[in-house]
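Here are my notes on the model, as numbered points. Please read them alongside the sequence and the coordinates.

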Amino acid sequence: MTKKEQIDRDGYILIKNVFTPQEVDVLRQKGVEDQNHEGDLLSSDKLHSVLMDERILNIFKECLNSDKLYYFADSNLSVDRPGKGGFHKDSTNRHKKDSKEFTDVNYSLLRAGIYLQDHANSSRGLCLRSGSHLHQSCGIGKIINVKSEIGDVVIWKLSTTHSANAQVISMFPNTSFHPLIARFVPDFLKQEAASPRVVLFMCFGLKDDYANEYIEYLKTRQYAVDRWEKSQLSQDRIAKMNALGVDIYQDFNIDEIDQDKVNVLYKQL
């Protein structure tokens, strides 16, 4: 089964051993050092190379069955970011009746999470519902705590139901609970989370209607507008990404965004 076939079937894919333990140690240290960086990863002097890593780009290309990718500065570093977790979708039209995002198996917006600590035996990894990308409801799909290990990469569709900060119950380490249920379990009964929890998130897609709609959607989210304002994309890095088959959206036009339509209540998990 190809990567595209698997992610089209399940809504996510876990790629094993993409990075060596030594590389993860370096990335983890850089993440801690750069935790106050508020722009996207491509504008980070310490972490931009992750977006240019051909191992990562090739995974996206294989999942999308395309030699070309589209990037619109939707990436970030998360270091011990608080949050109780809760199932949700990131896709643009998740609340729109009859949205084709959930009927089109070729929906093309993907997010990767590079968790720079083990989550096979600890909490605060990724929880999701397998097959949920084909359902608009967040209540459908088998609940899975993704058992990512050091060096692994997880990729999921923005239409996939997921939750941050998965809680693992010590007595039932192989059972994945709904985040709302796990939230009420006392902490001493849960597997301890690695500290600090360092994760790199990045979104790529194809240059299509899904990406264009998503960019317009991001213009209504304060966290995304703030990140764009603080992302200084150098022409050198843009040229390197172009050479790797990645087209870069640069027309942020921050001054032209209608601030009355920007929602400050939504936070990125």
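1. Accessible areas come from the Shrake-Rupley method with a 1.4 Å probe, and for residues only the protein chains shown count as cover. On that basis the protein has an accessible surface of about 12,600 Å², with 49% of it belonging to carbon and sulfur atoms.

2. The model is predicted: local features need pLDDT of at least 70, side-chain atom pairs count only at pLDDT 80 or more, and totals for chains, interfaces and linings use all residues. Residues are numbered from 1 along each chain as its sequence is written, and side-chain values use heavy atoms, with hydrogens and water left out.

3. The protein has eight helices and ten strands; these are DSSP runs numbered from the N terminus, helices being H or I of at least four residues and strands E of at least two. The radius of gyration (over C-alpha atoms) is 18 Å, close to the 18 Å from the globule rule (2.2 Å times the number of residues to the power 0.38) for 269 residues, so the protein is as compact as a globular protein of that length. The C-alpha trace spans about 50 × 45 × 40 Å along its principal axes.

4. Of the 269 residues, 55% count as buried (under 20% relative accessible area; exposed is over 50%, partly exposed in between; 1.4 Å probe, protein chains only). Among contacts (heavy atoms within 4.5 Å) with a separation of 6 or more, 81% join residues 24 or more positions apart.

5. Lys4 lies in helix H1, residues 3-10. Lys4 is buried, with a relative accessible area of 17%. Beyond its neighbours within four places in sequence, Lys4 contacts Glu62, Cys63, Leu64, Asn65 and Asn106.
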